[in-house]
Amino acid sequence: MKVVAIGGGTGLSSLLRGIKHLVPEKISDLSAIVTVADNGGSSGRLREEMQIPAPGDIRNCIVALAEDEDILAKVFQYRFKEGEGLKGHSFGNLFLSVLTKITGDFLDAVEITSDILKIKGRIIPSTDQLVDIVAQFTDGTVIKGETQITEYGKKLKGKIKKIWMEPENVSAPEEAVEKIKNADVIILGPGSLFTSIIPNLLVNDIKNAIIESNACVVYICNVMTQYGETDQFTASDHIKALHKVVKKPFIDIAVVNTTAPPDELIRKYMKENAEPVTADIGNISRLGITVYAEDLLDTGSYVRHNPEKLASTLVKIFGKLKGKNAA
């Protein structure tokens with residue numbers, strides 16, 4: 001299987017960490033297309049000060065695909081806790097920024113860093129240009145910037161009605177487009193719907209390549225709603241939002257979690273205005289989408305996908321698709 005995973009944030013890196021072990025036995029070619037629209041934290045500061053695409057999500061995905069997450073990978077994830085100008089920055093973000101300045105090309109910097117960590121696949125930004133996402137809320141307010149959109153959403157004055165990218169006509173790297181067009185499977189998610197997954201689809205080259213591809217498109221739905229973005233969203237609401245951005249139904253398979261987190265964790269998350277995403281399987285099926293509804297929860301103090309369980313579900317999907325192709 002030639003697989004392309006699209007997204008950003010901790011969701012995509014967690015997925016990659018789970019499926020990299022399927023290379024090369026189950027996955028012959030693995031690529032991750034990653035958003036660079038982040039404008040918060042270390043990434044946001046470097047983007048603003050050095051005028052480069054946000055490196056944070058790229059860094060996380062490179063480390064996730066590292067052949068061995070040894071000391072070198074830990075070095076790339078190290079975050080400075082002191083030092084004027086350094087505090088808050090991760091070493092990997094600084095490394096990517098310096099390489100971009102030396103080579104004059106963000107794509108080259110990503111490739112060189114990937115080679116150093118000997119990753120099992122390819123990491124490609126959805127664009128190598130400076131971009132911002134902009135959202136209009138149902139109260140009419142227009143907010144620019146990933147971090148600012150989430151913060152305004154937390155005020156609960158309205159929900160995201162429309163989302164777009166500025167500048168609108170940015171291009172995607174040719175390799176990203178080619179990987180999508182030649183893929184057998186395209187995976188979206190898990191991750192923040194409006195600020196990690198959708199920003200990739202706002203790059204027209206990426207969106208059009210997905211539409212033109214013959215690949216099976218799999219959406220992995222989040223296990224929890226996100227305060228300020230997907231409050232009270234069901235699994236089918238997530239899918240409808242994706243279809244709205246692409247302006248046509250394009251998802252073939254949805255993977256949803258069916259296991260409720262422990263009560264103490266639910267209470268903890270509800271204090272932060274997050275709750276389990278309802279797996280409304282009937283509504284998803286009525287959209288013409290095949291549903292894989294399984295126990296995907298990890299154990300621990302956070303409610304998140306278990307990478308190994310997710311990988312196991314994807315192996316089932318790959319097997320069904322191979323069976324269809326053979327028939």
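Modeller: A term to start with: contact means heavy atoms within 4.5 Å. Among contacts in the protein chain between residues at least 6 apart in sequence, 74% join residues at least 24 apart.

Biologist: What are the ground rules here?
Modeller: This is a predicted model, where local features need pLDDT of at least 70, side-chain atom pairs count only at pLDDT 80 or more, and totals for chains, interfaces and linings use all residues. Residues are numbered from 1 along each chain as its sequence is written, and side-chain values use heavy atoms, with hydrogens and water left out.

Biologist: How many helices and strands does the protein chain have?
Modeller: 14 helices and ten strands. Those are DSSP runs numbered from the N terminus: helices are H or I, at least four residues, and strands are E, at least two.

Biologist: And how compact is the protein chain?
Modeller: As compact as a globular protein of that length, because its radius of gyration is 19 Å, close to the 20 Å from the globule rule for 327 residues. The radius is taken over C-alpha atoms, and the rule is 2.2 Å times the number of residues to the power 0.38.

Biologist: What share of the residues is buried?
Modeller: Buried residues are 55% of the 327. Buried means under 20% relative accessible area, exposed over 50%, partly exposed in between (1.4 Å probe, protein chains only).

Biologist: Where does isoleucine 112 sit?
Modeller: In helix H6.

Biologist: Why does isoleucine 112 count as partly exposed?
Modeller: Because its relative accessibility is 34%.

Biologist: What are the spans of the C-alpha trace along its principal axes?
Modeller: About 55 × 50 × 40 Å.
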